[in-house]
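Hi,

Here is the structure I promised to pass on.

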Amino acid sequence: MESKIRYLQVIFNTPVNSSFTYSSDSDSLLLGYRVIAVFGRRSLTGFVISESPERPEGNYKIKPIKRVIDKKPLFGEGEIDLARWISSMYFCSLGEALSSMLPGGRRDSRSPAFDTEDPVSAVPRKLSREQEIAVEAITNFDNRILYLYGITGSGKTEVFLQAAEKVIAEGQGVIYLVPEISLTHQLTSQVRSRFDDKVAIIHSALTPSQRLVEWHKIRNGDAVLVIGARSAVFAPVINLGLVIIDEEHEGSYKSGRAPRYHARQVAMKRAGISGASLVMGSATPSLEAYYLMEEGRIIRLNLTKRLSGGAVPRNIVVDMKGSGGSLSKELIQEIKVTHEMGKQTILFLNRRGFSYFFHCRSCGWDMKCRQCSVSMTFHKKRNKMVCHYCGSETTPVSVCPECSSLDVGYSGFGTELVEGEIRKIFPNLRIARIDSDTVKKKGSLGSTLKEFREQNLDILLGTQMVAKGLNFPGVRLVGIILADSGLHLPDFRAGERTFSLIMQVSGRAGRYSKDGLVLIQTYDPNNPAISMAADLRQEEYFKLELEKRRVLGFPPWSRLFRLVFRGSDEEKVVTYAERVLSSLEEWQVEHMEILGPAECPVKKISGNYRYQILLRTSNFNGVHEAVEHLNRIASSSTVYMEIDVDPVSLL
Ligand code: ADP
Ligand code: ZN
Ligand code: ZN
């Protein structure tokens, strides 16, 4: 019998945005399968997005595929449609989009897998009235967007789980996103006991082939609840009824590489397509989400009562002006007191970057760009203050324009310096430091946290990783060494992030002890991001920050596109960015404001120089079209252009 040739349209995980024709004489249809095919001189994995018995027009030679990878189809029309949307929304090729959605493609990067949470309930609890109302609201309506806004310990997880149960009982599927998930995550044991084997948990320890097994389990309908980090938003859940996004404010929901999608945006799209509801939750919503709640575009559900026991700790702001080292008198005193009580201390240094910043040490003033009003960054070598949004430069002042103090300059401290000081002051205390340098050794984070939990350590010092220890019962004191270090980042969200960080530290610190204490050291005690966080005036801060953003024209009142140009030859990068600038100016897109080009705050990454242009607009579609056009005509072999829609990080 003669086998029948069919023609396949195959796409590859390359920036080239077109499909290629291959032939196949396989007996089964191959739509949704991965295949190996010769592309140029290489053999690549491709995705079959359509097939036909007709030979396409054109007189070119059509090669047969080399082999079929999968035994069962991996995706269908639904995934292809979503990939098309991702590809056009986030400016990548269809192949890149599909490949980032499917297992066996890329994995999320995560911090080391270790969790320390309180014991969990394997059976549904009797809900509080507020929780009951929330579950009702989430499950009673189709295709709505809701927000579970509840303080730490208010039982959001229980609400999500019971809402999921109801939706599943109606025969629908659920996706439950968390910022990171590991085998030991408390949620995994909880859902395993409540949902048996109807769950698929896409955790960080899965190998690509285990991922594939989970994926098929979901496609078959054997798993109806999917739990995972960012990329689980693509899980092929059948008859999707609900998407849950826990800790909505977390930056890890935004992909750091192409396609630079935001799980929240994709979730909205998916919910829209399948008529599902979307519920997000946090104790510290992003300002964007808060704005949508205020506008009534998201239904807000409140959880105001703490069900976990414990109390809100006392938050005390400590003014660092005039203090010599990294530890204030107050903090030193409280570490002593804590130790005498037989309790433990956590010292927290901000996660990101520039631990050195330029400011007035007398009044806390820092230099902002007149045009963009983000903090300017001090460049010591050139003795210049630089705005990383618009590129403008000025000389640093030697007198503070606010208070006329001559004590202006740069300050800041890193973990090592702080560690040295503590050891000097407290030679008899047992101290451990955890940060990205010390956890490189496998398992060291886990063992340090274990030691700390068993109270074999007195002080735990480090970056955001120490946050994992905040739930330990032995902890009385949390010291935020320098709340300002995130405040002076050249990012319009610097204030919001600082506020949110303090709120989270404080919220978790009070989980167990009744006498918890948080000391917040700062040079800028009157900054609302610090003072209002310390007083837990969250909504007041949000309103203030929203108003500030409105005046300055930043999101959520506008949308941003970020174009990053990178290459090893700085001059070429600059020239290219300038060329893009003139094209953009020429097109005269309505309501498009162009900032830059300017150096990126992180100017050089692995030998590549980076420059950026920010586009700010109230005309999202118009600018999106312009950028798409730009992306099509832009070509350079030496300079690469990254496009980030609604960027979250601007460093
Ligand atoms: P959140 O996610 O809002 O910070 P959790 O979901 O972690 O809060 O819940 C905090 C604690 O309260 C958990 O130990 C949980 O088991 C408990 N909890 C939740 N709901 C109830 C309830 N209805 N009755 C009693 N305890 C509850
Ligand atoms: Zn001053
Ligand atoms: Zn500027």
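In this predicted model, an N or O atom in the side chain of K156 sits 2.8 Å from an oxygen atom of ligand 1. That makes it a polar contact, meaning a pair of N or O atoms within 3.5 Å; within protein, one atom must also be able to donate a hydrogen and the other to accept it, and residues adjacent in sequence count only if both atoms are side-chain atoms. On its own, ligand 1 would expose 560 Å², and the protein buries 81% of that (areas by the Shrake-Rupley method with a 1.4 Å probe; for residues, only the protein chains shown count as cover).

The shell around ligand 1 has 17 residues, and the closest are K126, Q131, G153, K156 and T157 (a residue is in if one of its heavy atoms lies within 4 Å). Helix α4 (residues 156-169) gives the largest share, three residues. Helices here are DSSP runs of H or I with at least four residues, strands are runs of E with at least two, and both are numbered from the N terminus. By type, the shell splits into three nonpolar, eight polar and six charged residues.

A quick word on conventions: residues are numbered from 1 along each chain as its sequence is written, while chains are lettered from A and ligands numbered from 1 in the order in which they are written. Local features need pLDDT of at least 70 and side-chain atom pairs count only at pLDDT 80 or more, while totals for chains, interfaces and linings use all residues; side-chain values use heavy atoms, with hydrogens and water left out.

Now the metal. Which residues hold the zinc ion (ligand 2) as protein donors? They are C360, C363, C400 and C403, each through SG, at 2.2 to 2.4 Å. Donors are N, O and S atoms within 2.8 Å of the metal (3.2 Å for Na, K and Ca), and water is not among the atoms, so sites may look incomplete. Along the chain the spacing reads C-x2-C-x36-C-x2-C. C360 lies in strand β16 (residues 357-360) and C403 in the loop between β19 (393-394) and β20 (408-411), so this pair ties together parts that are 43 residues apart in sequence.

For reference, the ideal angle for four tetrahedral donors is 109.5 degrees. C360 is buried at 0% relative accessible area, whereas C403 is partly exposed at 34% (buried is under 20%, exposed over 50%, partly exposed in between, with a 1.4 Å probe and protein chains only).

Most residues other than glycine have a negative phi, and most peptide bonds are trans. The bond from P555 to P556 is cis, with omega near 10°, and P556 is in the loop between α14 (538-552) and β25 (559-567). The bond from G596 to P597 is also cis, with omega near 5°; P597 is in strand β26 (residues 592-605).

As for phi, D196 has a positive value near 50°. D196 sits in the loop between α5 (186-195) and β9 (199-202) and is exposed at 53%. Q455 has a positive phi of about 60°, lies in the loop between α11 (444-453) and β22 (459-462), and is partly exposed at 36%.

Cheers

Definitions and conventions. Ala, Val, Leu, Ile, Met, Phe, Trp, Tyr, Cys and Pro count as nonpolar, Asp, Glu, Lys and Arg as charged, and the others, Gly among them, as polar.
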